[in-house]
Structure formats: structure tokens, C-alpha cells
Amino acid sequence: MPSLSKNSEFHLHWVGVMLTQIGAYFTLIALPWLTLSVANNNPTTLAVIMACFGIPHSLFILLGGSIADKYSPLLVIKISRFGFALSTLLFALSLYLYEPSLVLLISFALFAGGFSALGFPANQSFIPRIVLPEHILKANVLTMGSSFVIQACAPVLVGFSLLGIKSYLEVNGLFRTDIEHLIVAFFLDAILVTLAACCTLKIRHQDKEQSMTSSSVFRSMLKSFQYSFTHPNLKIILLYLMLISILIHGPLFIMLPYLVKVTLNMDESALSYLLASQGIGTFIGATLVAICKPNMQNLGKYILVLDLLTAIVFIQLGFQSSLLLLCISLVAIGCAAGFTVVAGTAWYQLNVPIEKLSGAIALVLFAIHGLIPLSSMLLGTLLDRFEVSQITTLLGVTTALICIIGLASAKIRNMGKVSSAIANQATKLKEVPHNA
């Protein structure tokens with residue numbers, strides 16, 4: 001296997017991941033905007049559509065790793081990208097030919113969410129198969145670093161692109177309704193993901209034949225559950241992450257487009273600024289991990305303090321009427337999230353046996369992303385009955401109280417401390433040689 005700089009398979013995979021991520025922002029901005037336009041700014045409808053997009057993630061995050069191991073990650077990535085591109089293309093054509101409807105939006109959200117979720121764990125598990133063991137860290141740094149840069153830059157580029165497309169359509173008399181530029185956004189996403197899928201077609205990697213039985217996928221998932229929820233550290237981390245996902249990260253998914261369109265009465269470019277600010281914060285937080293090299297044994301304290309600060313910032317989101325101040329708030333929230341994600345990933349890599357790592361990380365991803373549909377539905381219901389400021393205060397104060405209780409509890413604040421017996425077991429298993 002060649003070095004990383006000459007590894008064409010890694011380069012194709014890397015480019016494919018970046019194209020997919022850039023394309024995702026066209027849909028991430030266009031879909032909620034289109035939904036609010038069709039539903040007359042109804043927050044419950046927005047929550048339903050975004051939940052339909054997120055529900056497949058809840059299912060496939062748990063099953064995706066085992067499915068990719070059974071049927072080859074590369075094959076799963078191909079099906080995921082071509083399936084998503086086809087779904088998005090058909091959706092854009094339907095919007096062009098027919099009036100948008102809730103049935104059409106729900107159908108697209110389910111199919112697109114399903115195909116994108118299918119490739120999520122496969123993308124993460126493919127790198128160790130195409131690079132040498134000594135190059136895995138560098139390959140992860142390159143892909144994760146590119147992801148953070150895209151999070152910071154892509155939303156603004158997409159926002160300006162949509163404004164340019166909208167202006168072009170108006171000048172040339174092609175602007176019949178207020179969704180033509182959104183249709184173009186879905187077309188562009190389909191094109192970028194198609195290009196990413198073509199990158200996978202040029203990868204010649206061959207997986208070794210698998211000997212798993214048809215029931216092994218579910219057996220593997222059950223073992224991951226048993227390991228994670230009997231582990232003295234993992235069960236606390238997972239339960240805590242689920243609470244924070246429901247109270248903070250899930251509501252942000254719905255609140256940002258609602259704040260921009262309904263509260264601030266601004267266009268899509270304002271939403272792109274908020275997403276970009278969050279991406280910039282994530283990049284800063286990840287960089288701080290590299291600079292500070294935090295002690296992983298203190299992971300619990302870091303997370304609790306950062307989430308306490310996030311809760312305070314989240315409370316004031318509902319009282320803001322300035323886009324600039326909202327952007328600054330999103331940078332702060334993103335910074336805390338970026339630090340936690342990178343430090344948390346390193347903690348898992350150091351303290352979970354390699355043979356159990358994929359299943360354990362899948363449960364973490366579920367705890368963070370899988371509950372977003374539930375919290376989105378909760379927020380959509382609350383927005384119909386309460387002011388945004390009341391909701392952010394309720395959720396933020398609840399989160400702050402959880403963090404304060406966690407800091408006061410030795411068991412919770414020390415959730416990053418691993419007993420010497422467990423640490424030695426993880427280290428011993430990682431020292432066993434494995435094939436690249």
C-alpha cells in the first residue's frame with residue numbers, strides 16, 4: 001500500500017467526502033426555507049419535515065456500522081451517494097413541474113435522510129481499509145480538518161450562491177415564484193453528490209470476503225449496547241449526551257431557520273451566516289484541543305464546564321434581534337462543541353478496546369444525532385405555544401442545572417477517569433497487530 005501522499009484511493013475518498021459535505025449545505029439551507037414557505041412559517045410543520053430527515057439517522061447510525069462491515073463500506077458508500085443524488089434530482093424536478101406539497105417534502109426528507117445516513121458510518125470505517133496503520137491519524141486529521149473548514153466556509157458560499165441565482169432569475173424574467181432559486185440549490189446538491197459518487201467508482205479497493213451470518217448485524221449491535229451500558233464510564237457519558245442533544249443541539253436544528261425567517265425577517269443568506277459562525281467556532285474548538293492537549297482523565301469536567309457556558313449563551317439567543325450578536329453566540333456554541341467532539345473522540349480511541357470501538361462510537365453518534373428528531377418535534381410544539389425567549393430560557397436553565405449538578409457529583413464530573421484495569425485492557429488490545 002503506498003504512502004498517504006501517493007495513495008490515490010485515499011485522495012478519491014477525501015475528495016468525495018468534501019464534495020458531499022459542500023453539497024449538503026445547499027439542502028441544509030434550502031429544505032427548511034422551502035418548508036417554511038410552503039407551510040406559511042408554521043414551526044410544527046418545519047419540525048415534522050426536519051424530523052423526517054433525521055429519523056433515518058436514528059435508525060442507520062445504530063445499524064450502519066454493522067451493515068457496512070457485512071456488505072463492504074465502499075459498496076454502501078456508492079449506494080448511499082447515488083441514491084441520495086437520484087432522490088434529490090427527482091425532488092428538484094418535481095418542484096419544477098408541480099406545486100410543492102407536504103407529501104412531497106416528507107417523501108424527499110425520508111429518502112434523502114435514509115440514503116445520507118446509510119453512508120455515514122461507512123465513510124468513517126473506510127479509511128482504515130485504504131491507508132496504512134501509521135497513516136490513519138494523519139488521514140483522520142486531513143478529513144476532519146477539511147470538514148471543519150467546510151463548516152466554516154460552505155454556508156456563506158451557498159448563501160451568496162443562492163442570492164446570485166435569485167438575482168439572475170429575476171433579471172432574466174425566470175422568477176415565477178419565490179422557490180426557483182431553491183430548486184436550483186437541490187439540483188446543485190445532486191450534481192455535487194453525483195461527482196462524489198463517481199469518485200467512488202474510480203476506487204479499486206477490494207474488501208476481504210466476510211463470513212458474517214444474516215443475524216450477526218443485530219447480534220453485534222446488541223453486544224455494543226451491553227458493553228456501553230455496563231461500562232462504568234460509557235453509560236454516564238451516553239446518558240449525559242442524550243440529555244444535551246435533546247435540550248440544546250436538537251432545538252438549534254429548528255430554531256436557527258425559524259429565528260432568521262420569522263423573528264428577524266431575513267433571507268437565506270442570514271441563515272448561512274449563522275451556520276458559518278457555528279462552523280468557525282467548531283474549527284476554533286478543535287484547534288484548541290490540538291494546542292492545549294487536554295488531560296483525557298478530566299474530560300468530564302471539560303464537557304460540563306463548556307456545556308454550562310453553552311447553556312448561558314443559548315438562553316440569550318431568544319432575546320437577540322441582531323444578526324451580528326447571533327453569529328457571535330453561534331461561534332461560542334460551536335467552539336464548545338468542536339472542543340468536546342475532538343477531545344471526546346480521542347478519549348474513545350484511547351480508552352475503548354479496538355474490537356468494540358465502532359459499536360461504541362455508533363452509540364455516541366446516536367446519542368448526539370439520533371435524538372434530534374425527538375427534540376425537533378418538541379421544539380416545534382413549543383414554538384406554537386410560547387415565545388422563543390421563553391423556550392431558550394427553559395431549555396438553557398434546565399441544561400445549566402444539569403451541568404451544575406454534574407459538577408457537584410464526583411461520579412459525573414469524573415466520567416472521563418478510567419480505572420487502571422479498564423485502561424490496561426484497552427491498551428493491551430490496541431497493541432495487538434492488525435491488517436491495514
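The protein chain in this predicted model exposes about 19600 Å², and carbon and sulfur atoms supply 68% of that area. On the matter of burial, 51% of the chain's 436 residues count as buried.

Let me turn to the secondary structure. The protein chain holds 16 helices and 0 strands. As for how these residues come together, consider contacts between residues at least 6 apart in sequence: 85% of them join residues at least 24 apart.

Helix H10 covers residues 299–317, which is 19 residues. From its first C-alpha to its last, H10 reaches 27 Å, close to the 27 Å expected at 1.5 Å a residue. Which residues of H10 are buried? They are Leu299, Gly300, Ile303, Leu304, Asp307, Thr310, Ala311, Val313, Phe314 and Leu317. An α-helix has 3.6 residues a turn, so residues three or four places apart point the same way.

Is Ala85 buried or exposed? Ala85 has a relative accessible area of 5%, and because buried means under 20%, Ala85 counts as buried. Setting aside residues up to four places away in sequence, Ala85 touches Ala190, Val193 and Thr194. One further separation belongs with this residue: Phe186 stands 101 residues from Ala85 along the chain, yet their C-alpha atoms are separated by 9.4 Å.

Definitions and conventions
Residues numbered from 1 in each chain as written. Predicted model: local features only at pLDDT ≥ 70, side-chain atom pairs only at ≥ 80, totals over all residues. Heavy atoms only, no water. Helix = DSSP H or I, 4+ residues; strand = E, 2+ residues; numbered from the N terminus. Expected span 1.5 Å × (residues − 1). Buried < 20%, exposed > 50% of the residue type's maximum accessible area, 1.4 Å probe, protein only. Contact = heavy atoms within 4.5 Å. Areas by Shrake-Rupley, 256 points an atom, 1.4 Å probe, with all protein chains shown as cover.
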